[in-house]
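Welcome! Here is a short tour of one protein model, written for someone meeting it for the first time. Take a look at the structure below, then read on.

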Amino acid sequence: MKAWFARHYGGPEVLRLEEIPMPAPKPGEVLVRIHATTVNSGDVRIRGCNLPPGMKLLGRLALGWNGPRQPVLGTEFSGVVEAVGQGVTRFGKGDAVYAFAGMRQGAHAQFATSPESGAIAHLPEGLDFHTAAALSFGGTTALHYLRKAALQRGETMLVLGGSGAVGVAMVQLATHRGATVTATTSTGNVPLVAALGAAVIDYTQIDVATLPDRYDIVADTVGALDFARAQPLLKSNGRYLAISGAMKEMLQSLRPGPDGKRMIAGPASERADDVMELGRLAAAGHFRPYIDRVFAFVDLPAAHAHVDTGRKRGSVVIAVAE
Ligand SMILES: NC(=O)c1ccc[n+]([C@@H]2O[C@H](COP(=O)([O-])OP(=O)(O)OC[C@H]3O[C@@H](n4cnc5c(N)ncnc54)[C@H](OP(=O)(O)O)[C@@H]3O)[C@@H](O)[C@H]2O)c1
């Protein structure tokens, strides 16, 4: 089978398409012929070793010193079960599935394995492979932060950056959970974010730090503010979600702010339950990833270059099987 390898850190040019033996499913594992995967902000961050301040040393220790320890990137995919390992009962050959490999990665390939008990589920009714492949990265991050923030029905939320993979998921999932959501984006993305169900603020026209309104939650998906600058936007007991934060935010989040305000930061947990929940929400029409562009598998480096711009809208999908 073919897989894209990043054997060194660097720009999209470090990516190489290589031929490797097909994996065999171990007991309890499912082998999937991948139909679609995504290139997301996490993939390009790892490829470029583009780690935030305070995370550079720890990041290299965790990811690999000179190049990614797992050289096949890609955190999410959809496809068809090709074979199952001994003892697998939930899936059979030919089942359409989607999965979140998360930090295990390996989805930028023609085949991938997944533990049957992991974050893998049958394709939700009414969803195509491209959309199903894009459910998990932004979706699990949004669900994690909504849980940490303990969002209550009727609360108000300001999403800073409503048009990225995380923002698209956050706007829809918070709205579905009964929040009144306002989101920021640039002029060209206003119709997209409005269609997700948010009131929209064009950040190129209005400085969000000076807004007169107060919110129960400020979900910062892009690092547009920091906790200090977000405080005037928060009601008493408000929560600032530093979704793109790094070590500094994680340390600061240990100390509560004034007036019951607090910051929530850190990596989102990878829970199989969340991946299944996203499928149910998608089937019920409450969550749909927005697909910016679809690239052919052979053009995966071009997809990386597009994501590198920081301007992608929602998710960038790679059509692997076509
Ligand atoms: N904590 C975690 O576990 C976790 C998990 C996943 C992602 N993340 C982090 O979350 C961040 C977002 O990830 P993502 O995948 O959603 O990124 P993304 O899809 O690459 O975000 C791109 C979007 O960000 C918008 N944007 C950029 N600057 C903005 C600003 N100042 N205000 C409003 N919108 C802005 C752009 O819209 P415009 O062109 O309109 O500006 C674009 O549509 C990344 O830093 C990522 O590392 C963290």
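Which helices each supply at least two residues of the lining of the largest cavity? They are H4 and H5. Keep in mind that this is a predicted model.

**The cavity**

- Searching the whole structure turns up one cavity of 30 Å³ or more.
- The largest cavity has a volume of about 60 Å³.
- Its lining is made of 13 residues, and Ala134, Gly138, Ala165, Pro289 and Ser315 lie nearest the centre.
- Sorted by class, the lining of the largest cavity holds nine nonpolar, three polar and one charged residues.
- Two domains take part in this lining: domain 1 (2–135 + 289–319) and domain 2 (138–265) each give at least three residues.
- If you wonder how such spaces are found, rolling a probe the size of a water molecule over the atoms shows where empty space is left.

**Helix H5**

- Helix H5 covers residues 165–176, which makes twelve residues.
- From its first C-alpha to its last, H5 reaches 17 Å, close to the 16 Å expected at 1.5 Å a residue.
- Ten of the twelve residues of H5 are buried, so this helix is largely enclosed by the rest of the structure.
- Those buried residues are Ala165, Val166, Gly167, Val168, Ala169, Met170, Val171, Gln172, Leu173 and Ala174.
- After H5 comes Gly178, which has a positive phi near 95°.

**The largest nonpolar core**

- The largest nonpolar core has 40 residues, and the ones that touch the most other members are Met157, Val159, Met170, Leu173, Val181 and Leu241.
- Several elements each supply at least two residues of this core, among them strand S5 (96–100), helix H4 (136–149), strand S8 (156–160) and helix H9 (272–283).
- Helix H5 provides the largest share of this core, seven residues.
- At least three residues of this core come from each of domain 1 (2–135 + 289–319) and domain 2 (138–265).

**The second largest pocket**

- The second largest pocket has a volume of about 200 Å³.
- Its lining counts 16 residues, and Gln70, Gln105, Gly106, Ala112 and Thr113 lie nearest its centre.
- Strand S6 (residues 111–115) gives the largest share of this lining, three residues.
- The residues lining the second largest pocket are eleven nonpolar, four polar and one charged.

- You can find Gln105 in the loop between S5 and S6.
- Is Gln105 buried or exposed? Its relative accessibility is 9%, so Gln105 counts as buried.
- Cys49 is not a glycine either, yet Cys49 has a positive phi of about 50°.
- Look for Cys49 in the loop between helix H1 (41–47) and helix H2 (56–63).
- Cys49 counts as buried because its relative accessibility is 12%, and the cut-off for buried is under 20%.

Definitions and conventions:
Residues are numbered from 1 along each chain as its sequence is written. This is a predicted model: local features need pLDDT of at least 70, side-chain atom pairs count only at pLDDT 80 or more; totals for chains, interfaces and linings use all residues. Side-chain values use heavy atoms; hydrogens and water are left out. On a 1 Å grid over the protein atoms alone, a cavity is a set of points where a 1.4 Å probe fits but cannot get out, and a pocket is an open set with protein on both sides within 12 Å along at least five of seven lines; lining residues have an atom within 4 Å of a point. Grid points are joined across faces, edges and corners, and a volume is the space filled by probe spheres set on the points. Helices (H or I, at least four residues) and strands (E, at least two) are DSSP runs, numbered from the N terminus. Ala, Val, Leu, Ile, Met, Phe, Trp, Tyr, Cys and Pro count as nonpolar, Asp, Glu, Lys and Arg as charged, and the others, Gly among them, as polar. The expected span of a helix is 1.5 Å times one less than its number of residues. Buried means under 20% relative accessible area, exposed over 50%, partly exposed in between (1.4 Å probe, protein chains only). A nonpolar core is a set of buried Ala, Val, Leu, Ile, Met, Phe, Trp, Tyr and Cys residues joined through side-chain atoms within 4.5 Å. Domain bounds come from an automatic or database domain assignment.
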